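Here is a short briefing for a reader new to this structure. Please look at the sequence and the model first.

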Amino acid sequence: MFAFALLATPIATAQNDSEIKSVQSGKSCPNCNLFQAELSNYDLPNLNLSGSRLRQSNMALAQMNGCNFSNADLSIAYLFGGRFTGASFKNADLRRTSFVGAYLGGADMTGAKLDGAVFSGAEMASARGLTQAQLNKACGDETTELPTGLSIPKCLPSGVQ
């Protein structure tokens, strides 16, 4: 009986290659499975990726200005040096995501989960919706630019606090 239950359990797919290729070509893909998508160095403005699974994706040096990542899972993603001007991360899962050197001017961070996120060198002085409670769960450094009145704990050498 137990062995049958294991065989009958659906196995989660790792990713959807056709959905990833669609996004790489500049098409919106809300609620898509983009797990471990390779989007580094892409210029993909104004995409709707709301509700999508972008866990462990690589968006290093990507230009994704105006994109909608609301309610998306970007946990453990790599956004090093990316430009996300005016992007919406509203209620997104950004736990343990690296935003090192990223530009988040005008980005909406309302309700985003930032536990363990690294913002060293990130420019987010004009980001909207950030709270001190969110930032207390993340880390940065002396070059992290934040909205007036907010602060962020310093990252330990390992990158996490």
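What follows covers the cysteines, a surface patch and a salt bridge.

This is a predicted model, in which local features need pLDDT of at least 70, side-chain atom pairs count only at pLDDT 80 or more, and totals for chains, interfaces and linings use all residues. Residues are numbered from 1 along each chain as its sequence is written, and side-chain values use heavy atoms, with hydrogens and water left out. A search of the whole structure finds two disulfides (pairs of cysteine sulfur atoms within 2.5 Å). The structure also holds one salt bridge (a side-chain nitrogen of Lys or Arg within 4 Å of a carboxyl oxygen of Asp or Glu).

**Disulfides**

- A disulfide is a covalent bond between the sulfur atoms of two cysteines.
- C29 and C32 are joined, with an S to S distance of 1.8 Å.
- The torsion about the S-S bond of C29 and C32 is about -85 degrees, so this disulfide is left-handed.
- Both C29 and C32 are buried (under 20% relative accessible area, where exposed means over 50% and partly exposed lies in between; 1.4 Å probe, protein chains only).
- C139 is linked to C155, with 2.0 Å from S to S.
- The link of C139 and C155 is right-handed, with 90 degrees about the S-S bond.
- C139 and C155 both lie in the segment after α3 (132-135), so the pair ties together parts that are 16 residues apart in sequence.
- Count the bonded cysteines of the protein chain in sequence order, and the pairing reads 1-2, 3-4.

**Another cysteine**

- C67 has 1% relative accessibility, so C67 counts as buried.

**Surface patch**

- L61, Y78 and F80 form a nonpolar patch on the surface.
- Patches take residues with over 30% relative accessible area and no salt bridge; like charges are joined within 9 Å, nonpolar side chains (Val, Leu, Ile, Met, Phe, Trp, Tyr) within 5 Å.
- Together, L61, Y78 and F80 have about 280 Å² of accessible area (Shrake-Rupley method, 1.4 Å probe; for residues, only the protein chains shown count as cover).
- Y78 sits in the loop between α2 (17-24) and α3.
- Y78 has a relative accessible area of 41%, so Y78 is partly exposed.

**Salt bridge**

- R95 pairs with D93 in a salt bridge, and their closest N and O atoms are 2.6 Å apart.
- R95 is partly exposed, at 37% relative accessible area.
- D93 counts as buried, at 10% relative accessibility.

Definitions and conventions:
Helix = DSSP H or I, 4+ residues; strand = E, 2+ residues; numbered from the N terminus.
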